[in-house]
Amino acid sequence: MAHRTSSITSFIITMVLLGTICDAQLLSTFYDNTCPNALSTIRTVIRSAVSKERRMAASLIRLHFHDCFVQGCDASILLDDSSSIESEKTAIQNVNSVRGFNVIDLAKSEVEKVCPGVVSCADIVAVAARDASFAVGGPSWTVKLGRRDSTTASKSQATSDLPLFTDDLDTLISRFDKKGLTARDMVTLSGAHTIGQAQCFTFRDRIYNNGSNIDAGFASTRRRGCPSLRNDANDKKLAALDLVTPNSFDNNYFKNLIQKKGLLQSDQVLFNGGSTDSIVSEYSKNPTTFKSDFAAAMIKMGDIEPLTGSAGIIRKICSSIN
């Protein structure tokens, strides 16, 4: 009898553990029954936003990236300052730089109309990145869903963990490695810069220092749009990270690096005699490989420390836990 009781107890414990494991899994079909129109609703908002402003595609991909690198993919980046929260939006890597919050807010509002209290802000950010990529000719991928929203933010972790435009190659590799991403993942995800823009203050030193790893003609062209005088107006002047096809998701970013035409220091270090040169060369020659690797890397990034099951909450408004 004691043996039978022990077996039953073991069975119950096993089932509880299995249930916990299942709770922790992200599934592409997560909302199929609870909110079947969630993905189409988000897609409509993202398509509209990108059609109005092409740059928004890069911003939404970057927003997902900056969310996942701090506390995992939990929508913590969307939280505003409050009595209990120091917003990640004010970290040096985010302030006056990360954008797209209004688009996520609109997507959340539209989803709330069709199924209130069901879809997390974290999932909306993940889906928006995929839809933004596809809207500008980039790859699509199956987004795994079921993330829940954080009730906290971490400006300190944003400041310590997010990449800086001044990072060298070893630092970049280390930052990605801490999140379970390889050097190849890092190069692949950097390829999103093919549709991105940067503010003058982030590349001014690079284009005015006449360094050996920047094409002289490229630097001269870039100086025309980024005056050497440092002031608020000049610092905020924007330039496309890819001069050739700034509005298309392609592999020109990697071709530019080989020609020493990376706009940011953290771009050019990917092809500067280091360990990632071969990856850049591969992507410069094979856009199909780049796109398929990018989709895989985005799925992998979306798996970083999600809150699932009974953890976290479903926020009604993405900028607040109230």
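Two residues are in contact when their heavy atoms lie within 4.5 Å. Keep that cut-off in mind on this walk through a predicted model.

Start with two helices. I61, H64, F65 and C68 in helix 3 meet F294, M298 and M301 in helix 15. By class, this contact of helix 3 with helix 15 has 6 nonpolar residues and 1 polar residue, with no charged residues. Helix 3 covers residues 56-68, and helix 15 covers residues 287-301. How do we describe such a pair? Two packed helices are described by the angle between their axes and the distance between the axes. Here the angle is about 40°, and the axes are 10 Å apart. Angles under 35 degrees would count as roughly parallel, and 65 to 115 as roughly perpendicular. Helix 3 and helix 15 are therefore oblique to each other.

How confident is the prediction? The protein chain has an average pLDDT of 92, and 93% of the residues score at least 70. Residues 4-23 have a pLDDT below 50. Beyond near neighbours in sequence, that stretch has 2 contacts in the model.

Now move to the loop between helix 3 and helix 4. D74 sits there. Is D74 buried or exposed? Its relative accessibility is 2%, so D74 counts as buried. Leaving aside residues up to four places away in sequence, D74 touches D67, A122, R148, D149, S150, L307 and R315. An unreviewed UniProt entry lists D67, V70, G72, D74, S76 and E88 under "binding site". These residues spread over 22 residues of sequence, yet they cluster in space, with a largest C-alpha distance of 12.9 Å.

A75 lies in the loop between helix 3 and helix 4 too. Look at its backbone. Most residues other than glycine have a negative phi. A75 is not a glycine, but its phi is positive, at about 65°. A75 is buried because its relative accessible area is 0%, and the cut-off for buried is under 20%.

E305 gives another example of a positive phi. Its value is near 40°, and E305 is a residue other than glycine. E305 lies in the segment after helix 15. At 55% relative accessibility, E305 counts as exposed, because the cut-off for exposed is over 50%.

Next, go to T194. Where is T194? T194 lies in the loop between helix 8 (183-190) and strand 1 (197-199). With 0% relative accessibility, T194 counts as buried. Which residues does T194 touch, not counting residues up to four places away in sequence? T194 touches D242, T245, P246, S248, F249, D250, N252 and Y253. Some of these names return in the record. The unreviewed UniProt entry places a "binding site" feature at T194, D242, T245 and D250. These positions spread over 57 residues of sequence, but they cluster in space, and the largest C-alpha distance is 9.9 Å.

Finish at A219. This residue is in helix 10, which spans residues 216-223. A219 is buried, with a relative accessible area of 4%. Apart from residues up to four places away in sequence, A219 touches I207 and I214. How far is A219 from K261 in sequence and in space? A219 and K261 are 42 residues apart in sequence. From C-alpha to C-alpha, A219 and K261 are 8.0 Å apart in space.

Notes:
Residues numbered from 1 in each chain as written. Predicted model: local features only at pLDDT ≥ 70, side-chain atom pairs only at ≥ 80, totals over all residues. Heavy atoms only, no water. pLDDT = per-residue confidence, 0-100. Axes fitted to C-alpha atoms, helices over the stretch in contact; angles between N-to-C directions. Helix = DSSP H or I, 4+ residues; strand = E, 2+ residues; numbered from the N terminus. Parallel < 35°, antiparallel > 145°, perpendicular 65-115°, else oblique. Nonpolar A, V, L, I, M, F, W, Y, C, P; charged D, E, K, R; others polar. UniProt positions renumbered as here; feature names shortened; annotations may be inferred. Buried < 20%, exposed > 50% of the residue type's maximum accessible area, 1.4 Å probe, protein only.
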